[in-house]
Amino acid sequence: MTVLTPTSSETDRFGEPIPGTPTETVVDNVLVAPGSTADLEASRPDGVTVALTLHFPKTFTGDLRGCSVVLTGQHAGTYRVIGEPKPYMDVNTPTDWHMPVEVEVCYG
């Protein structure tokens, strides 16, 4: 799995950041838990939103706020990270994973 972290080194004439090429970070050993799917409103009859929960390993220490993730395989696609994920306390997570991350993608 690859995490895409947005970058910005310039601002537009209104002082807003201009998106640059995102930084790519490969993260191994992420567990994927299928989430829900939901049809979109009637004006988009072929549209659907797919949500997943990714469980990040303790070895990942980056900030995921505003990031996207690229998955391959069964759930291939580019998903948007929802919110600002925070890890559980290590004492409460004896396994290799400690941070659930909700992601979603919209088709149609």
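1. Let's start with a cysteine: Cys-106 is partly exposed, at 41% relative accessibility. Here buried means under 20% relative accessible area, exposed means over 50%, and partly exposed lies in between (1.4 Å probe, protein chains only). Cys-67, by contrast, is buried, with a relative accessible area of 1%. A disulfide is a pair of cysteine sulfur atoms within 2.5 Å, and by this rule the count is zero.

2. A word on what you are looking at: this is a predicted model, in which local features need pLDDT of at least 70 and side-chain atom pairs count only at pLDDT 80 or more, while totals for chains, interfaces and linings use all residues. Residues are numbered from 1 along each chain as its sequence is written, and side-chain values use heavy atoms, with hydrogens and water left out.

3. How confident is the predictor? pLDDT is its confidence in each residue, from 0 to 100. The chain has a mean pLDDT of 88, with 89% of its residues at 70 or more. Strand β1 (residues 2-5) has the highest confidence, at 97, and strand β5 (residues 31-39) the lowest, at a mean of 75.

4. Now the fold. The chain has nine strands and zero helices; both are DSSP runs numbered from the N terminus, helices being H or I with at least four residues and strands E with at least two. Contact means heavy atoms within 4.5 Å. Of the contacts between residues at least 6 apart in sequence, 52% join residues at least 24 apart.

5. Next, the inside. Of the 108 residues in the chain, 25% are buried. A nonpolar core is a set of buried Ala, Val, Leu, Ile, Met, Phe, Trp, Tyr and Cys residues joined through side-chain atoms within 4.5 Å. The largest one has 18 residues, and Phe-56 and Leu-64 touch the most other members. Two or more residues of this core come from each of β6 (48-57), β7 (68-71), β8 (77-81) and β9 (97-107). Leaving aside residues up to four places away in sequence, Leu-64 touches Val-3, Phe-56, Val-81, Pro-85, Met-99 and Val-101.

6. Finally, which rings form the one aromatic pair? They are those of Phe-56 and Phe-60, with centres 5.0 Å apart and planes at 55°, so the pair is tilted. The rule pairs rings of Phe, Tyr and Trp (its six-membered ring) if their centres lie within 6.5 Å; planes under 30 degrees apart are stacked, over 60 edge-to-face, and the rest tilted. Phe-56 is buried at 0% relative accessible area, and Phe-60 is buried at 12%.

Key: pLDDT = per-residue confidence, 0-100.
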